[in-house]
Amino acid sequence: MSDAKGMGREAKGMGRDPEGFEPVDHTADLGLRVWAEGLEGLFRQAALGLSQLLTDPARIRVARRLPIEVTGADLEELLVSWLNEILYRAESEGMLFAEFQDLRIEETAGGYSLAAVALGEPRDESRHPLGAAVKAATYHGLEIESRSESGYDLTIILDT
Amino acid sequence: MKDHGRGSDAKMMAKRTEKTSPRLRKIHSYLWEIERSGGMRVPGRIFISESMIDRVCSDGGLDQVVNVAHLPGIVGYSFAMPDIHWGYGFPIGGVAATDPAQGGVVSPGGVGYDINCGVRVATTHLERADVERKLEALVTSLFRHIPTGLGSSGAIRKVSSKELDRVMVIGARWAVEQGYGSKGDLAHTEEEGCLGGADPSAVGQRARSRGCEQLGTLGSGNHFVEIDVVEEIYHKEAAREFGLRPGQIALQIHTGSRGFGHQVCDDYLKVMARAVRKFNLQLPDRQLACAPVESAEGGAYLAAMACAANFAWANRQTIMALAERAMLECLGMTPRDLGLTLLYDVCHNIAKLEDHEVGREVRRLCVHRKGATRAYPPRGVKNPWRTGQPVLIPGDMGTESYICVGQEKSLRETWGSTCHGAGRMMSRKGAIRKARGRNIKQELRRLGITVRYEGRTTLAEEMPEAYKDVDEVVRTCHGAGISKMVARLKPVGVMKG
């Protein structure tokens, strides 16, 4: 399976995957298709997908556990804020993540909040080759509300 | 759920094709129109040649031209330049002007994340033979002096938050005051390297911290520093005015406002999402989120965007000086022998308040250029050039760049705008697939181009075949009369972030 590298680890080698991600072709930028049964799974897969675009997660050791919290007026804003927070940590602290745990999404007075623990380590140039240069996650065509029977399935366009 | 993925891709394609192929009506050989329909407030106008039509129609870019035509207060047409391709919100290559007096809006999506991404070209006294055998060393030296890549911080000392305020307000002049380049450079920079209306209090803390870290860094992706050779002159008079001659070595820099601009855009997209609800604006795509220019939200965005634009000009000014040091060190020359002189600096991701003729009156419009370049005619406002404002069209690795000149027609037809570059025609994934098993670096070397880059994926993604023919894009603008070709530059040494 030559494209296995582009698949989420959950998706590898399985016939039917309840959740996962895969990069999608987009001429100017990069697309990340993400699917999951529940909202938390969706957000986790999106974060894993983005992390894989930044570098090979198999090379990331879990040396640090960082709590991350973001808010959004609606779910779309929450998702964009979540992914841009991961990009920000990569840029400002050089952090690369391999896993995201204890992800909780709650409704608040102002919309939604997300809390999670990100597991990873600061980039070590000798071990972590640079992947895509992602500037930001965009709102282009993003709709989370439209959940089908099998769950969520959406494509996030990343500005590169 | 094997076909889960396929399904979604297909759905997306369907979503695109359903709406699309908005019908194109030919105006002349280089101009096509999309008639008004649905919620479009104005028609769309696309500058392309007949041979580009299939490619443009198969991309989602035309849908986005239609979407932009929905913006409140849009005047004239929703334009696309020949380098149009599917972006997010606006198409890349999109130009739209809104009238603030008629409720016209400003949209961060019409500028993009990389606010004031732009290009500068500087000429030198050198000939090709002066650098030919030193290209490898020269590119290495550029890498040593100019920081790049993911999270790279500056070669220049980290600026304080207070100093950053000054960068935000005075732009390129800040860099000159620090000893990066000379005062004369400012006269050869769009807006003299400083956009008015900048207000640092409109910029958030996170943007500030990213700005302090990243001033004087190139970034990655399609950003580059290039050593070029002037290969051909098309317009002798303009070339003379611009100081260009065949065989001459030039320096080209393509970068923008880095994380500072990305953060300003991200922050204000949230502000705009609230404004869209507050002003009850109907938009076909959330990435077009906007607010009236004359609202608190619109004003704050323009003030913050100006800060990011000024940061970008300070950044390019600084990087040019770092590149000069790299060249001097490597070639063992004096600045006088090298003769590095800024030809011009243009931005291609910006929204600006400009005076334009609408019918018989002059109105102040908010002109969005998302992947488009200002192209003012000779002797106009803010333009002392006898032959017209220089327009810099960067190619991509292995493809040529062009220097063009603004024309009278651009003012009349496109709010004084023309194309900005080649534009992708292959997705990154597609490019990587095509590059598999090939040595792109060696292929480029055979073409006489020395390349250094960070990260293998980037090079494959950015291989020349992934881009539309810049030649055809520039010729279409030339044919349409919105800019004229002056010279073609060939890359010989490339530093790629």
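A word on the ground rules. This is a predicted model, where local features need pLDDT of at least 70, side-chain atom pairs count only at pLDDT 80 or more, and totals for chains, interfaces and linings use all residues. Residues are numbered from 1 along each chain as its sequence is written, chains are lettered from A and ligands numbered from 1 in the order in which they are written, and side-chain values use heavy atoms, with hydrogens and water left out.

Let's start with the interface. Chain A brings 43 residues to the contact and chain B brings 52, where contact means heavy atoms within 4.5 Å. How many salt bridges cross the interface of chain A and chain B? The rule finds seven, a salt bridge being a side-chain nitrogen of Lys or Arg within 4 Å of a carboxyl oxygen of Asp or Glu. One of them, if you'd like to find it, pairs B:Arg286 with A:Glu76, with the closest N and O atoms 3.7 Å apart. Helix 2 of chain A gives the largest share of the side of chain A that touches chain B, eight residues; helices here are DSSP runs (H or I, at least four residues), numbered from the N terminus.

Now please look at B:Glu354. Is B:Glu354 buried or exposed? B:Glu354 counts as buried because its relative accessibility is 5%, and buried means under 20% relative accessible area (1.4 Å probe, protein chains only). Among the residues in contact with B:Glu354, leaving aside neighbours within four places in sequence, are B:Leu365, B:Val367 and B:Trp415.

Terms used. Helix = DSSP H or I, 4+ residues; strand = E, 2+ residues; numbered from the N terminus. Buried < 20%, exposed > 50% of the residue type's maximum accessible area, 1.4 Å probe, protein only.
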